[in-house]
Amino acid sequence: DRMLDHIEIGDAPWWEGEVVLPPGAHQITIRSDAPIYVRSLRVDLADRRLATSYDALDPNQASSEFAIRVDNSGQSGLYARIQAWLHDSPSIEEIPARYRLEVQAVDDALGKLMEELDRRGLYDDSLIVLTSDHGEALGERGVVGHDRHLFDELLHVPLVVKLPREHPKARALATTRDELVRHIDLVPTLVDLLDLPTFRGAMGVSLFESAERILYAETAPQSGKRKLVAWRDDHYKMILDLAS
């Protein structure tokens with residue numbers, strides 16, 4: 001029966017608080033003026049996590065109120081730490097602008113890194129690779145996120161490879177055809193560039209080698225609601241729903 005804290009979602013998406021739970025049943029309620037997401041919530045003791053139960057706590061569903069029940073079955077108060085990951089629910093029109101700001105923040109950070117390498121005299125002789133693990137749906141097909149389908153907005157990611165100055169393969173890399181590249185090709189390519197021994201069991205092929213490349217992708221089983229797999233070559237792409 002007391003207020004634990006007041007959280008500004010934009011400033012504190014990850015919140016931690018401490019409380020002493022007297023013996024008996026307790027309810028922790030999160031209320032918001034507008035719908036929010038509760039991505040995770042846990043109550044930890046010094047040596048273990050306390051069992052909790054929830055009323056309608058769906059990490060993929062926004063709501064204005066969430067209730068969490070916690071029971072202290074002991075005879076004395078328990079010192080507990082509450083941790084919650086919260087964020088607001090922007091409109092589908094706001095999401096691309098927010099994502100653009102994230103990209104800008106990454107771009108600014110990379111710019112500072114490159115400037116520092118240059119200041120230290122390391123940039124020209126550095127091998128730098130910039131890529132991404134996945135793309136992001138920003139409202140295309142009515143979807144936001146990266147775990148619900150395997151269309152190109154999720155699979156087509158940046159790849160920038162900057163070779164050391166006067167590397168003998170610089171010209172070959174600069175004139176590489178516009179062709180399919182897979183993440184599993186990156187390590188063999190770096191091994192090739194650095195004249196290192198080939199990895200045993202490597203599935204990828206250096207981008208300097210001519211080879212048929214079949215891209216394979218799947219939705220993450222931890223978060224994807226559907227089990228989807230995709231295969232793609234330079235001409236065709238197939239997406240298979242294994243649940244259908």
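I looked up R31 first: at 63% relative accessibility, R31 counts as exposed. The cut-off for exposed is over 50%. I note that this is a predicted model.

Next I checked the partner of R31. R31 forms a salt bridge with E65, and the closest N and O atoms are 3.2 Å apart. R31 sits in strand β2 and E65 in strand β4 (residues 63-72), so the pair ties together parts that are 34 residues apart in sequence. E65 is partly exposed, at 43% relative accessible area.

I then searched the whole structure for salt bridges. The search returned 15.

I picked out E16 and R81. Their side chains meet in a salt bridge at 2.8 Å, N to O. E16 belongs to strand β1 (residues 14-21) and R81 to strand β5 (residues 78-88), so this pair ties together parts that are 65 residues apart in sequence. E16 is partly exposed, with a relative accessible area of 39%. R81 is partly exposed too, at 29%. I followed the links from here: E16, E18 and R81 are joined in a network of salt bridges.

I also looked up E218. E218 forms a salt bridge with K227, with 3.6 Å between the closest N and O atoms. E218 is partly exposed at 39%, and K227 is partly exposed at 32%.

Last, I turned to H26. H26 is placed in strand β2 (residues 24-44). The H26 side chain reaches the backbone oxygen of P22 at 2.6 Å. Leaving aside residues up to four places away in sequence, I find H26 touching L21, I68, R69, V70 and D71.

Key:
Residues are numbered from 1 along each chain as its sequence is written. This is a predicted model: local features need pLDDT of at least 70, side-chain atom pairs count only at pLDDT 80 or more; totals for chains, interfaces and linings use all residues. Side-chain values use heavy atoms; hydrogens and water are left out. Helices (H or I, at least four residues) and strands (E, at least two) are DSSP runs, numbered from the N terminus. A polar contact is a pair of N or O atoms within 3.5 Å; within protein, one must be able to donate a hydrogen and the other to accept it, and residues adjacent in sequence count only if both atoms are side-chain atoms. Contact means heavy atoms within 4.5 Å. A salt bridge is a side-chain nitrogen of Lys or Arg within 4 Å of a carboxyl oxygen of Asp or Glu. Buried means under 20% relative accessible area, exposed over 50%, partly exposed in between (1.4 Å probe, protein chains only).
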